[in-house]
Amino acid sequence: NDIKFGEADVLARAKNTSVDKLRSDGMLYSEKGVVRLLTREELPTSVDKNKGIWLLTQQLTHAMEKEGIEGAANIVKEFFTSEPERAKALAYRLFTLAERRGWANEAFAYNSLIVAWPDVQSRAADLSAAWNNAEQMEIVHAEEVIETGEPPVMAIRRKKDSSIVKAMQLVKDGTCDALVSAGSTGAVLVGGQVIVGRIKGVERPPLAPVIPNMKGVSLLLDCGANVDARPSQLLQFAKMGSVYMESIIGVKNPRVGLVNIGVEEEKGNALTKETYPLLQNCPEINFIGNVEARDIPYGAADVLVCEAFVGNVVLKMLEGVSGALVERIKGGMMSTVRSKIGALLVKPALKKTLKGFSTEEYGGAPLLGLNGLVVKTHGSSKANEIKNSILQCIAFKEQKINQKIKEKVVLDN
């Protein structure tokens, strides 16, 4: 049922969230002062481990309704934590509530998931075992190594037997669907364009990391591939970013912002001034205007458009401030006996909050607009970020992102 925005926001903030955050996560409709929870049919189908137990519970229930045990098991197998069990517990609470209120259809949907839960878990375990089967893996030997400090163009041309070049060739010829690399950023960017190649009509492929914010996440593009970009290229970045946010992250009609030194239309340099009207007059995107850097951590836009020089500065600044802030918090908590006791009390909540701001929870940065998928991760990436990057590639393939980019970017031109 529809309720007023003010009432909904009070309820949301009582649970340490907000209407804007829930809207950004794709859980509710909010417009013109009216708010309502989305039905299961309206919710995003892609599973995101950072969107909360409510969404996971609804996705499991919907999968059970439409695809039975197999559908629910395919969701459960993506998790290595207790989230599915917590979702099942919430399903039981919702079943009890629906039964008391006389909502027969809702009660039946939740009860079906609860009753079938042992079978769902068993099938999920079988699917995970099949996924981890060593026979599904092939190791391709590479003799050469592209070092971080090497000139990328020369390295790609000369070191044909390096892992980066060989992997790029496998993506190009269709043997592999995607490449995940924590190696030389320059070599990955050059190899992506020279070996894998751009989709016909895409002027420049942007590097597009997902960055956390107060409302969820935003997509920042470009952050490293194109230091000197043209207005027409930034327009393509906006279109590709909108496709990615809607299909992979599940944000409906994502808000596009142009990173600038002020919110006024006339602010900025020649590039931003020429780009602004192109974005403003593009019907395929939801352009909301200029976005200042200080508003980025607060979730001012879902898609942040800029050339690579600005994007890289923004990204590195966010990473540096986040790291410094965490160190200061740790230092303050360990300074006295009283603060240490307080640290024990707030540790669970703090750990959960910091996890939401960890970039490794979202995988690497895809190089959008190529004929295949290339994802760049940090050289210092831990296992969790590599795992999430691989899952990101699977979602990219399943959602047919390249086909959607061709339709929205190339055919529209």
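This report describes the sheets, nonpolar cores and aromatic contacts of a predicted model.

Because the model is predicted, local features are reported at pLDDT of at least 70 and side-chain atom pairs count only at pLDDT 80 or more, while totals for chains, interfaces and linings use all residues. Residues are numbered from 1 along each chain as its sequence is written, and side-chain values use heavy atoms, with hydrogens and water left out.

Helices (H or I, at least four residues) and strands (E, at least two) are DSSP runs, numbered from the N terminus, and two strands are said to pair if DSSP finds at least two bridges between them. Strands of a sheet pair through backbone hydrogen bonds, either parallel or antiparallel.

## The nonpolar cores

A nonpolar core is a set of buried Ala, Val, Leu, Ile, Met, Phe, Trp, Tyr and Cys residues joined through side-chain atoms within 4.5 Å; buried means under 20% relative accessible area, exposed over 50%, and partly exposed in between (1.4 Å probe, protein chains only). The largest such core has 39 residues, and those with the most contacts inside it are Val-305 and Ile-405. The elements that give two or more residues to this core include strand E6 (216-221), strand E7 (255-259), strand E9 (303-305), helix H14 (383-398) and helix H15 (401-410). Its largest share, 10 residues, comes from H10.

Which residues does Val-305 touch, not counting residues up to four places away in sequence? With contact taken as heavy atoms within 4.5 Å, Val-305 touches Leu-221, Leu-234, Phe-237, Ala-238, Val-256, Gly-257, Leu-258 and Val-259. A second, separate core has 32 residues, among them Val-291, Ile-296, Ala-301 and Cys-306.

## Aromatic rings

Rings of Phe, Tyr and Trp (its six-membered ring) pair if their centres lie within 6.5 Å, and planes under 30 degrees apart count as stacked, over 60 as edge-to-face and the rest as tilted.

| Pair | Centre to centre | Between the planes | Class |
|---|---|---|---|
| Tyr-92 and Phe-95 | 6.3 Å | 45° | tilted |
| Tyr-244 and Phe-396 | 6.4 Å | 50° | tilted |

Tyr-92 and Phe-95 both lie in helix H4 (residues 83-101), 3 residues apart, which is about one turn of the helix, and Phe-95 counts as buried at 15% relative accessibility. Tyr-244 lies in helix H10 and Phe-396 in helix H14, so this pair ties together parts that are 152 residues apart in sequence. Tyr-244 is buried, with a relative accessible area of 1%, and Phe-396 also counts as buried, at 6% relative accessibility.

A charge sits over a ring if NZ of Lys or CZ of Arg is within 6 Å of the ring centre and within 35 degrees of the ring normal. The charged end of Arg-40 sits in this way over the ring of Tyr-110, 5.3 Å from its centre.

## The other strands

A further open sheet has 3 strands in the order E4-E11-E10, again with mixed pairing, and its edge strands are strand E4 (178-181) and strand E10 (365-366). E4 and E11 pair in the parallel sense over 4 bridges, and Leu-373 in E11 is the bridge partner of Ala-178. Helix H8 (residues 163-172) packs on the sheet, touching E4 and E11, and its direction makes about 160° with that of E4, while helix H9 (residues 185-196) lies across E4 and E11 at about 175° to E11.

Strand E3 (residues 34-37) runs antiparallel to strand E1 (residues 3-4), joined by 2 bridges, and strand E2 (residues 28-31) pairs with E3 in the antiparallel sense over 4 bridges. Val-35 in E3 stands opposite Ile-3 and also opposite Ser-30. E2 and E3 form a hairpin with 2 residues between them, and Lys-32 in the turn has a positive phi of about 55°.

Conventions:
Axes are lines fitted to C-alpha atoms, for helices over the stretch in contact, and angles run from 0 to 180 degrees between N-to-C directions.
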